[in-house]
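The structure is shown first.

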Amino acid sequence: MPRILIIEDEPKVAESLQLGLREVGFEVEWATTGEEGLTCLLENMPDAVVLDLNLPGRDGLDILATLRKHHEQLPVLILSARDAIDDRVSGLERGADDYMIKPFAFTELVARLKVMLRRENQSSVLAFELAGLSIDIVSRQVRRDSKSINLTPREFEILELFFRNIKHPVSRKTIARDVWKVERATSLDNVIDVHIMRLRKKIDEEFDVKLIQTIRGLGFMLSDEEQG
Ligand code: CA
């Protein structure tokens with residue numbers, strides 16, 4: 001079930017969007033400010049974002065720029081009352097995948113979201129590399145430098161998830177959802193931690209650069225840069 005994050009300060013718009021999107025089978029989360037939206041991204045990665053531009057605090061375009069630094073591929077649809085060509089152009093230039101003007105037709109919004117989600121699936125990358133660690137999604141081969149590494153299916157999926165969010169924190173909640181396919185992480189936290197420990201042993205222990213980092217209060221992150 002695709003997950004959509006709505007960043008929108010007008011309750012009426014947000015509520016009708018939530019209702020409608022749930023009816024067509026999406027899971028929906030709603031943030032009323034851009035900052036809240038960015039926090040939602042950290043806690044529970046959505047499949048697509050519907051972003052308003054006129055928001056209290058940081059403006060939608062500013063939020064989009066921050067979001068794009070970490071999530072190049074995440075589909076974002078701007079839904080705004082700003083209808084000037086300039087607004088549309090700057091939205092698309094800053095990395096929005098689509099732009100719709102309020103008032104909008106709900107069926108069109110759903111159709112456009114579906115197109116974005118399909119595109120996202122097709123463009124999914126099938127091989128990753130970082131600091132000598134490489135994984136191939138199709139053959140499921142993992143190597144670090146010249147050494148071949150055997151991972152269990154769960155360990156592999158966690159590592160793939162880390163690569164898909166490279167240099168960006170991944171929460172236990174996201175791991176629970178994407179790897180174990182369950183919503184609540186709490187009872188799983190210890191199990192997840194054991195898997196991370198084993199994964200670290202296999203891919204990091206013998207190497208100087210440790211790639212799986214613990215981000216306090218947030219989760220884990222795959223990165224070759226030391227955290228300050
Ligand atoms: Ca607004």
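## Surroundings of His-195

In this predicted model, His-195 touches Arg-154, Glu-155, Ile-158 and Trp-180, leaving aside residues up to four places away in sequence. His-195 lies in helix 8, which spans residues 189-203. Its relative accessibility is 13%. Because the cut-off for buried is under 20%, His-195 counts as buried.

## Calcium site

Four residues coordinate the calcium ion: Asp-9 through OD, Glu-10 through OE, Asp-52 through OD and Asn-54 through O, at 2.2 to 3.0 Å. The spacing of these donor residues in sequence is D-E-x41-D-x1-N. Glu-10 and Asp-52 are 42 residues apart, so the pair links distant parts of the chain. Glu-10 sits in the loop between strand 1 (3-7) and helix 1 (11-23), and Asp-52 in the loop between strand 3 (48-51) and helix 3 (60-70).

## Overall build

The chain has 8 helices and 11 strands. Its radius of gyration is 19 Å, close to the 17 Å that the globule rule gives for 228 residues, so the chain is as compact as a globular protein of that length. Along the principal axes, the C-alpha atoms fill a box of roughly 55 × 35 × 35 Å.

Of the 228 residues, 46% are buried. Among contacts between residues at least 6 apart in sequence, 56% join residues at least 24 apart.

## Surface and charge

The chain exposes about 11,800 Å², of which carbon and sulfur atoms supply 51%. There are 32 positive and 40 negative charges, and their mean positions are 5 Å apart.

Note on methods:
Residues numbered from 1 in each chain as written. Predicted model: local features only at pLDDT ≥ 70, side-chain atom pairs only at ≥ 80, totals over all residues. Heavy atoms only, no water. Donors = N, O, S within 2.8 Å, 3.2 Å for Na, K, Ca; no water. Helix = DSSP H or I, 4+ residues; strand = E, 2+ residues; numbered from the N terminus. Buried < 20%, exposed > 50% of the residue type's maximum accessible area, 1.4 Å probe, protein only. Contact = heavy atoms within 4.5 Å. Rg over C-alpha atoms; globule rule 2.2 N^0.38 Å. Areas by Shrake-Rupley, 256 points an atom, 1.4 Å probe, with all protein chains shown as cover. Lys, Arg positive; Asp, Glu negative; His and termini not counted. Charge placed at Lys NZ, Arg CZ, Asp CG, Glu CD.
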